[in-house]
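I set out to read through this model and to record what I looked up in it. The entries are kept in the order in which I consulted the coordinates.

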Amino acid sequence: MQVRRLAAWTALPLAATLGLAACGGGGDSGESDPNATVSIQIAEPQHLISTNTNDSSGNQVLSALFAPLVDYDEQNKPFEVAAESVNSTDNLTWTIKLKDGYTFHNGEKVTSDSYLNAWNYGAYGPNGQGNSYFFEKIAGFDDLQSKDPDGDGPQKAPEPKAQTLTGLKKVDDLTFTVTLAKPYSEFKTILGYTAFYPLPEAAFSAPGVIKDGYEDAPIGNGPFKMKGTWQHDAKVEVERYDAFPGDKPKIAGAEFRIYQQLTAAYADVLSDNLDVDVTVPTENLSTAATDLGDRFQQSQNSSFQFVAFPTFQKEFSKPDVRKAISMAIDRDEITKSIFKESQISARSFVSPVVAGYRDDTCGEACEFNPTKAKELYQAAGGPAELKITYNGDGGHKDWVDATCNQLKTNLGVDCVGAAEPKFSDLLTKVEGKQPVGLIRMGWLMDYPSMENYLGPLYTTNGSSNYYGYSNPDFDRLVQEGTTAATPDEAVKKYQQAEDILATEMPVIPLRFGQNVYAHSTRVKNVEVDLFQVVDMTKIEVVS
Amino acid sequence: MFRYIVRRLLQMVLAFFGTTLIVYALMFAGQGDPIQALAGERPVSAAQRAYLTEKFHLDQTGIGGFFYRYFDYVGNLLRGDLGDSLTGRKIGDMLAQAWPVTVKLAIIGLLVAILVGVTAGVIAGLRRGGIFDNATLALTLLVLGIPTIVLAPLAQYFLGVKLPLFPPTAGAEPSIYALLLPGIVLGSLSLATALRLTRTSVAENLRSDYVRTAKAKGMSVRRIVSVHVLRNSLIPVITFLGVELGNLMSGAIITEGVFNIPGVGFNLFRGIRTEDGPLVVGLVSVLVVVYLVSNLVVDVLYAVLDPRIRYE
């Protein structure tokens, strides 16, 4: 009875502020209300287990429920949060000391085992975790995988040789060591990703088996705890966890409201029905500034848009052809007229958000120069017909068509944009070596390092190198970078590697993305980070 | 009558399995790489790919693979297990969550269509050629001409955002009030058709012999219209509305998306986008049942409305 009355009293002023704020349209002035909750737009997360979550909606929810070992500062360098220190003398064996005082939301202490159990679970092949590749660098990873002996045949894959990573060793309750398979200077940077959160004992029903239902109410070590369970397609609610020893959030809780369409969320934020709309849909960009004023904001993110040349198509084998096509594209025109400046023209092969980024590494090849482009194209004997293949479900048609029109005018060639229904259909065609022409690609980083662009996108065995670019010198330089003694030396190697890309142009850099987000009149200090995640410790409610 | 209904129910079982087979075959044929579709543009980890392939028998391809997977699915279905979606959720749970809100929405849409459509249709039919008749003609033509994909965002913007009469989105557990605007948008197309149908039918029946006889007997206009004309005029309208109920439930993809209602259309859209075969088949199977049942109800209603129609 007592509790219920209390709830009614707190609900009343909340409703009142809502009404007032809607009338007054107040800005940053005034105090903040620590007892209020906010609502934030997400899509339905695919998973809410740290080792399986890699979509931005899942990351958003888990970022509220968990505290990472390290986070990133203004320069995107890692600093310790739940870790006391992360050290290594040889970049091979890393000692991680945990801060004392962190507890899970069920009261359990966070210990070395919380991390080791979670990481072993994530790395174990048969668990099929989406983030398992994050643990590849740790010694013993291969022994946790198993190959189906007859490919896709009737035989089942045998049990992997080991259940736990040999590279993970507990020293005491708050210290453990991680031995990598090869030295890696930026291991500390990786630790900020979702995959490296700990899991409590309560998450497991037996060693190595996640309890049924844990995913619907994850127990974390972060500033917020679950309120109720994950209501699929509807919402995930969290409330402040008072025993959290780190930076205290300035709100009492949050509702992550699930939207399938961005336009619906935008309509809600316009009418103060939703507090933070993390992605303003492209069709509303032209009116958002007048609709919302300074409640419409932009911040950097890590996305990188480019088109790639499939190596199996001979007509693109000459670097001069590739350069000529790149020079015939007026990037600034497209970012202005189609993206309304919500994206930035790209003239480098890695995003500006990582350490070691340099402007204009692509040089002349990314400068718009139609006359020179045409000369070069004709001299190199480029094909008379070009095609840009893209996935039709991602809103790419406008800019692909615009790019094609520029190529038509500036190179005097025929160009068509060919839509595939989905990105997976596009990949199927590329893997089948069908003549797809140029292919649209995009990349979001997992952790802020040049290596996270150079490795997956351009090395021979890169996970997203669907277009088959391969250069042994490049591979060697990236490899040397990852094993370099210090991050600074690593960056030097990466930059040398990037210079090779500029001469060979395996892809045409087009644009760097930005977060374009909007918030209601109720909230202030809304920050969306590089991973498209709202900073849950900074957001405040205007009182 | 009883034998007729039993016979129809037995036919429904056949129709049900026939349609699931066809839908399953279509999903199977159109399936590219569902694991990549699920991951979007991110690379898929080898462990994850192996796990999902094993779990959903995605390595079974070709004709043999199709029948293997289909009978696996039907076998589970008969045991009451609709299977798992590719994201790992139980499809049974997803359906249980999606259906109630869609049913509510469809009923609101249907009620709007009946109340407004039939009433206005009767008035327009009685005063054929008058101002009301011409005005509704113009209005219904306009509504029929605007696709939902335009109508829904416009209604949301003007009635939800600019002039906040309704909440702009409804959400997962909406009140009837929050569902009103999406319901009206959804029902507007049926409303227009129902209005046109009723009007034509009423206008035609007003000139029939039995109406003349009734008038000659000196019956009141009210009784002639409400008992004789309306009852006879409703047969085509009922046929239309019966089929429309199924359409309203399955056709809410756009409306549910715009107003953020996680119902059947919302899930169907997601299932198709992520090539989630089991989810789409599960949703469509239930839709098929809805169609079959509403058609049966319509056929039985014929006999109620027109005693000349009898079923053996």
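**Entry 1: confidence.** I noted at the outset that this is a predicted model. For the complex, I read an ipTM of 0.82 and a pTM of 0.84 from the predictor. I then turned to chain B, where the average pLDDT is 85 and 99% of the residues score at least 70.

**Entry 2: chain B.** I looked up the secondary structure and found 13 helices and zero strands in chain B. I took the extent of the C-alpha trace of chain B along its principal axes, which is about 85 × 55 × 30 Å. Of the 312 residues in chain B, 38% are buried. I also checked the contacts in chain B with a separation of 6 or more: 73% of them are between residues 24 or more positions apart.

**Entry 3: a sheet in chain A.** I next traced an open sheet of four strands in chain A, with the order β4-β5-β7-β6 and antiparallel pairing. Its edge strands are β4 (83-87) and β6 of chain A, each of which pairs on one side only. From one strand to the next, the twist averages 20°.

**Entry 4: pairing within the sheet.** I followed β7(A) to its partners. Strand β5 (residues 93-98) of chain A is joined to β7(A) by five bridges, and the two run antiparallel. Here I recorded A:Thr175 in β7(A) as the bridge partner of A:Lys97. Strand β6 (residues 168-172) of chain A pairs with strand β7 (residues 175-179) of chain A over four bridges, in the antiparallel sense. For A:Leu168, the bridge partner in β7(A) is A:Val178. I found that β6(A) and β7(A) are joined by a hairpin through two residues.

**Entry 5: a helix on the sheet.** Which strands does helix α3 (residues 112-123) of chain A lie across? I found that this helix lies across β5, β6 and β7 of chain A, and that it runs at about 170° to β6(A).

Key
Residues are numbered from 1 along each chain as its sequence is written. Chains are lettered from A and ligands numbered from 1 in the order in which they are written. This is a predicted model: local features need pLDDT of at least 70, side-chain atom pairs count only at pLDDT 80 or more; totals for chains, interfaces and linings use all residues. Two strands pair if DSSP finds at least two bridges between them. pLDDT is the predictor's confidence in each residue, from 0 to 100. A residue is buried if 20 or more other C-beta atoms lie within 10 Å of its own, exposed if 12 or fewer, and partly exposed in between; C-beta atoms are placed from the backbone. Two residues are in contact if their C-beta atoms, placed from the backbone, lie within 7 Å. Axes are lines fitted to C-alpha atoms, for helices over the stretch in contact, and angles run from 0 to 180 degrees between N-to-C directions.
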